[in-house]
Amino acid sequence: MAALTRRWHQLRNYPSAVIGLVFVGVLVIVSIVTPLVLPYSEAIALWRGGAAEWRANPRNAAPVWQNWFTETDQAATIAFDSREGEGERVEEQLSADTREVRFIYEFEFPYDTFPPELIIFSEATYSAKQPFVELLWYTPDGREVRAGEFTPTRSSSFRFDQDRRLQRRLERETGIDDVRPSEGLFDDPEQEGLQVLHGTYRLEIVGLLFEPDSELEATFVSYGRVHGWAGTDHLRRDISVALLWGTPLAMAFGLLAAVGTTVTTMSIAAVGVWFGGWVDSLIQRLTEVNAIIPLLPILIMVGTLYSRSLWLMLGLVIILSIFGLSIKNYRAIFLQVKELPYIDAARAYGASNMRIIFRYLVPRILPLIIPQIVTLVPTFVFLEAALALLGLGDPVLPTWGKLINDANSEGALYSGYYYWILQPAALLMLAGLAFAMVGFALDRVFNPRLREI
Amino acid sequence: MATELSAGELNLEEEVDVETIEASAREARLKNARRLLRYTLLKLIALVFTVAIGVYITIIVANMGGEVDKIRLATIRENVALAAVADPAFQQMSTEERRALLDRRVELEIEQYGLDRPFIQRSFSYLRDALLLDLGYAEGLVSDSGSRQVRNIILERLPPTLLLFGTAQLLLFFGALAFGLSLSRRYGSFVDKVVLALAPTSAAPGWFYGLFLILIFAALLQVLPFGGMVSAPPPESRLEYALSLGEHMILPVAAWLMAAIFLTTYNWRTFFLIYSSEDYVEMARAKGLPDRMIERRYILRPTLPNIITSFSLLVITLWSGAIIHETVFNWPGIGRLYYQAIGLFDTPVIVANVVLYAYLLAITVFLLDFLYALVDPRVRVGEGSRN
């Protein structure tokens, strides 16, 4: 214990190690908090969920923080959901059977670009007579635009951009041919061309219900060109889900694989050295065979033919690394340790082979393998990303690698959706650097020979 | 080397007959060469066995312990049925006759492919085929020359891979060697500290830096191509072709180097530093030998075996990275072929690719072992006898 504290003090002398430890700490905290906030099954359901889960999100929207760096503020998503009690709701009984429901959604629009689309999702309950909905749009300069009307079914959506009549009306108003309603509604008619009119807009959704127990709910979404702190992908999914959940998955995969391979390799080296003779030479030969078996191609083959489960891959990585090349290093160290007097003492009092190997030999070099484990973590974190990049990522789990893979196959770099690749890549880099920096410093602390140089 | 040296010393004394000395020196050199040859041969035989075992394991995995044969059986049945339906004579037969004919044909096919033998027996014939890369026909892929033979498809893709990674590895080796030596000379300088600080960046693999390089140089600056090997259509003249090839190689090679050079340089510089604090180096300095000579003879020479070991480990681990590297850069080598084969579930090509990778690894290991034997006098002179 005292030795450990001393090493801890030595470690603090390396600024890179301290930075690395802070990064590792952040990643670990995110890994612990994420599953608590968003449980595993929910995250998977959310990530696998289709249009129903994500319909209120824009497609391929950049993260909100992009606006901090650009002069023009991109439109963010504005959404009102009457089921959640958002906005104002006024009901009025017009006659015995007829009621009027009015949803008043008032919002600020301080952005410099137009939203890519405007949609109203409505849900109505009725038995025979369908309700009727009229949309009224009030601009900051006091104009009133009749933005459309429709008869909602049980579940329907109204897309402003597909309403020809609204488009013609806006053409007259703005004087621009073929104006898209989602642009025309926000346009400043005083200015030349398309210019956003800043200020407070009001949308009134007026529903007429012709049955006493008929009901109407309406959700209005003005889609953004930026959305959330991480943006969205081509399926309108919020990338932050995958960024957050990728952290515990990457940490788990990296750490388990690093610990698994190192501990098994070391134990096998210890067994070989202790028994010597044919056991030792068999292990040596197997190591040589193993060096020639290409790990990644085999992983890919298994991923293609059997299963792509992350946990199966983890098991395979460990199995294929059992006879890894590092056995040679451990063997050299164990050969020295084997000759130490305390091993003779153990043998003299009649300790069993297994006891000597696992209670005396292995613990002796445990401090040496700690840097080894830490430096190995990034290798496996990147291995998972590499598999995902080849399209062999786990089919259900949202990981960093799968984000990069999605982005790559959707041509994110060609289309300029840089955030889509840069965010997971930055996290991968952060994880890689953090562990590598700590591992480097640990190596120097535990190997004094390196420290002198 | 030891023998030559003693011969030289004896020559100075001018007492012994010069010819006998020359003869003994020649004999010693011959003996060395023979030892080297024997060492190489032993290594080669061991490697052949190793490759065979590795490939055998691959076959067991790829066949899912015989599962693939079921798929093959189904394919045979379907093909036979399709061929029969196209035959007008077949349509006039009765149902029983048809079934009997089909069964007979299927049995013939099964016998032809040897599917009636037990899996263990068959796995050895697969092993022979795999080692010869004689894996029949691809299921979906076609080579650029139009062949469906797996061997043709694979061998066609080998040269681009060797070109790209050969260049990258050679640059890495000599670059890190020169860089490491110069750093060990200026130990503690600013550049030295920068390399030390950058060494952890090698935690990320080459393809990862590749993504960034593509983003910067291809997408943003638009000065270098996104990927591929030559521009389309391929230039007519030789020179233009080579130039276009070089242009396409810049990014993948740079990404490969970025991922490995700092850590490698740092490690090798550490080797050099360890060896330059040896007593005999101090002695040489005291004698007043020029720095260049000290570096070459007293520092570089004894460090080389260590460096070659470290380099071979690096190359072995980097080979696997080639698949993703080529995929990211759209380089038409075996790595990308592997990726395409995965997409098409083309099992023969996948297996052949794994085998080829095993061969590449084995050849790499062999070459580096040979190199090691050349630079390490302990191997050349033979263990135990140090005369």
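I began with strand E5 (residues 132-138) and strand E8 (residues 199-209) of chain A, which pair in the antiparallel sense over seven bridges. I noted the terms: helices (H or I, at least four residues) and strands (E, at least two) are DSSP runs, numbered from the N terminus, and two strands pair if DSSP finds at least two bridges between them. The model is a predicted one, in which local features need pLDDT of at least 70 and side-chain atom pairs count only at pLDDT 80 or more, while totals for chains, interfaces and linings use all residues. Residues are numbered from 1 along each chain as its sequence is written, and chains are lettered from A and ligands numbered from 1 in the order in which they are written.

**Entry 1: strand E9 of chain A.** I asked which strands E9(A) pairs with, and found two entries. Strand E1 (residues 78-81) of chain A pairs with E9(A) in the antiparallel sense over four bridges. In that pairing I located A:Ala79 opposite A:Val221 of E9(A). Strand E4 (residues 118-125) of chain A also runs antiparallel to E9(A), and eight bridges join them. Here A:Glu123 has A:Glu217 of E9(A) as its bridge partner. I checked the cover too: six of the eight residues of E9(A) are buried. A residue is buried if 20 or more other C-beta atoms lie within 10 Å of its own, exposed if 12 or fewer, and partly exposed in between, with C-beta atoms placed from the backbone.

Entry 2: Is A:Tyr111 buried or exposed? A:Tyr111 has 21 C-beta neighbours inside 10 Å and so counts as buried. I found A:Tyr111 in the loop between strand E3 (99-109) and E4 of chain A. A:Ala75 is 36 residues from A:Tyr111 in sequence, yet their C-alpha atoms are 5.1 Å apart. Leaving aside neighbours within four places in sequence, A:Tyr111 is in contact with A:Asp73, A:Gln74, A:Ala75, A:Ala76 and A:Val196. Contact means that the C-beta atoms of two residues, placed from the backbone, lie within 7 Å.

I next looked at phi. Most residues other than glycine have a negative phi, and most peptide bonds are trans. A:Asp178 is not a glycine but has a positive phi of about 55 degrees. The residue A:Asp178 sits in the loop between helix H5 (164-174) and helix H6 (181-184) of chain A. A:Asp178 has 7 other C-beta atoms within 10 Å and is therefore exposed. A:Arg236 has a positive phi too, near 65 degrees. I placed A:Arg236 in the loop between strand E9 (215-222) and helix H7 (239-275) of chain A. With 19 other C-beta atoms within 10 Å, A:Arg236 is partly exposed.

**Entry 3: chain B.** I counted 15 helices and zero strands in chain B. Of its 387 residues, 29% count as buried. I picked one helix pair: helix H2 (residues 18-62) and helix H6 (residues 119-131) of chain B pack at an angle of about 120 degrees, with their axes 10 Å apart. Axes are lines fitted to C-alpha atoms, for helices over the stretch in contact, and angles run from 0 to 180 degrees between N-to-C directions. H2(B) and H6(B) are therefore oblique to each other; angles under 35 degrees count as roughly parallel, over 145 as roughly antiparallel, 65 to 115 as roughly perpendicular and the rest as oblique. The residues in contact include B:Val55 and B:Tyr56 of H2(B), and B:Tyr126 and B:Leu127 of H6(B).
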